[in-house]
Amino acid sequence: MDETYTAEFAEIYEPFYRLRGKDWTAEAEYLVKLIRDRSPGARSLLDVGCGTGAHLETFDKLLDHVEGLDVAAPMRDVARRRLPHVTVHDGDMRDFDLGRRFDAVTCMFNAIGYMESVGQLRAAVRAMARHVVPGGVLVVEPWRFPDKFVDGHPVAEAGHPDGRAIARVSHSVRSGRAIRMQARYLVGEPGGIREFTQVHRLRLFTENEYLTAFASAGCPAEYREDDLTGRGLFIGVRR
């Protein structure tokens with residue numbers, strides 16, 4: 001995943017997804033509400049797979065203490081420049097240990113989809129749950145479920161965010177549960193046009209596989225479809 005999330009992509013990551021309608025502020029506000037519905041006194045949060053810190057920026061305004069963790073150095077660099085007072089850890093969600101617990105842990109967008117097997121999914125949920133205080137909340141946004149994925153579907157998107165022209169064409173191929181998604185970007189700027197390609201290797205997990213991973217980590221969860229992200233959320237409370 002580190003090779004996918006390069007400095008070139010980190011630079012256009014937020015402008016491109018804002019173009020697609022993503023609202024990190026609204027999502028973070030919604031997450032804090034969901035967390036406090038279950039743990040009214042929640043004041044600390046760890047965002048796993050925090051990327052450029054777009055969610056962290058709002059979490060930082062709403063909570064007393066927040067930290068982030070990401071495996072991709074270019075994304076961490078952006079987050080650290082944006083929030084120099086917030087600790088952003090270098091770590092793999094499958095086996096990290098920060099030596100402390102939080103009232104809430106979140107893992108949003110596509111991050112969990114990069115796990116390569118059910119075993120890795122369980123390891124990641126277990127590692128996240130270890131960082132949640134008893135009675136605290138773990139929220140994970142899944143990637144696609146197997147029965148919702150359309151194999152071979154080509155997607156084209158373009159627009160003019162932040163004074164640039166950005167276009168992306170993507171195509172996904174499925175082999176069992178494994179997905180290879182190729183995305184090609186064109187970025188037009190005053191100095192000219194540049195082009196780069198990403199390859200994402202993701203995996204489809206079932207709703208039951210997520211729920212089992214939460215339960216085995218001592219953090220039984222519910223799945224909510226009615227949320228802002230379009231993919232639902234798994235929300236667990238640590239025993």
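The legends below describe close-up views of a predicted model.

**View 1. The seven-stranded sheet.**
This open sheet has seven strands in the order β3-β2-β1-β4-β5-β11-β10, and the pairing is mixed. Its edge strands are β3 (87–90) and β10 (221–224), each of which pairs on one side only. From one strand to the next, the twist averages 20°. Within the sheet, β5 (residues 132–140) and β11 (residues 233–237) run antiparallel and are joined by four bridges.

Helix α2 (residues 24–38) lies across β1 (44–48), β4 (102–107), β5, β10 and β11. The direction of α2 is at about 30° to β11. Helix α5 (residues 118–130) also packs on the sheet, where it touches β1, β4 and β5. The direction of α5 makes about 140° with that of β5.

In an unreviewed entry, UniProt lists residues 46–136 under "domain: Methyltransferase".

**View 2. Contact of α2 with α3.**
The axes of α2 and helix α3 (residues 54–62) come within 8 Å and cross at roughly 50°. Angles from 65 to 115 degrees would count as roughly perpendicular and those under 35 as roughly parallel; α2 and α3 are therefore oblique to each other. The crossing of α2 past α3 is right-handed. On the α2 side, the contact is made by W24, T25, E27, A28, E29, L31, V32 and R36. These meet A54, H55, T58, F59 and L62 in α3. Sorted by class, the contact of α2 with α3 comprises seven nonpolar, three polar and three charged residues.

**View 3. Contact of α5 with α6.**
Helix α5 packs against helix α6 (residues 207–216) at an angle of about 45°, and their axes are 8 Å apart. The two helices, α5 and α6, are therefore oblique to each other. Here α5 passes α6 in a right-handed crossing. From α5, the residues in the contact are V118, L121, R122 and V125. Their counterparts in α6 are E209, Y210, T212, A213 and F214. By class, the contact of α5 with α6 holds six nonpolar residues, one polar residue and two charged residues.

**View 4. The four-stranded sheet.**
A further open sheet has four strands in the order β6-β7-β8-β9, with antiparallel pairing. At its edges stand β6 (155–159) and β9 (192–203); each has a single partner strand, so one side of each is left without a neighbour in the sheet. The twist averages 15° from one strand to the next. Helix α1 (residues 7–19) packs on this sheet and touches β6, β7 (165–175), β8 and β9. The direction of α1 makes about 85° with that of β9.

**View 5. The hairpin of β7 and β8.**
Strands β7 and β8 form a hairpin with two residues between them. In the turn, G176 has a positive phi of about 65°. Eleven bridges pair β7 with β8 in the antiparallel sense. Among the paired positions, H171 has Q182 in β8 as its bridge partner.

**View 6. The hairpin of β8 and β9.**
Two residues form the link in the hairpin that joins β8 to β9. Strand β8 (residues 178–189) pairs with β9 in the antiparallel sense over twelve bridges. The bridge partner of A183 in β9 is Q198, and that of R184 is T197.

**View 7. Surroundings of V169.**
Residue V169 is placed in strand β7. Apart from its neighbours within four places in sequence, V169 is in contact with V155, A156, Q182, A183 and R184. V169 and L186 are separated by 17 residues in sequence, and their C-alpha atoms are 9.0 Å apart in space.

Conventions
Residues are numbered from 1 along each chain as its sequence is written. This is a predicted model: local features need pLDDT of at least 70, side-chain atom pairs count only at pLDDT 80 or more; totals for chains, interfaces and linings use all residues. Side-chain values use heavy atoms; hydrogens and water are left out. Two strands pair if DSSP finds at least two bridges between them. Axes are lines fitted to C-alpha atoms, for helices over the stretch in contact, and angles run from 0 to 180 degrees between N-to-C directions. Contact means heavy atoms within 4.5 Å. UniProt positions are given in the numbering used here, feature names are shortened, and annotations may be inferred rather than shown by experiment. Angles under 35 degrees count as roughly parallel, over 145 as roughly antiparallel, 65 to 115 as roughly perpendicular and the rest as oblique. A crossing is left-handed if the near helix is turned anticlockwise from the far one by less than a right angle, and right-handed if clockwise. Ala, Val, Leu, Ile, Met, Phe, Trp, Tyr, Cys and Pro count as nonpolar, Asp, Glu, Lys and Arg as charged, and the others, Gly among them, as polar.
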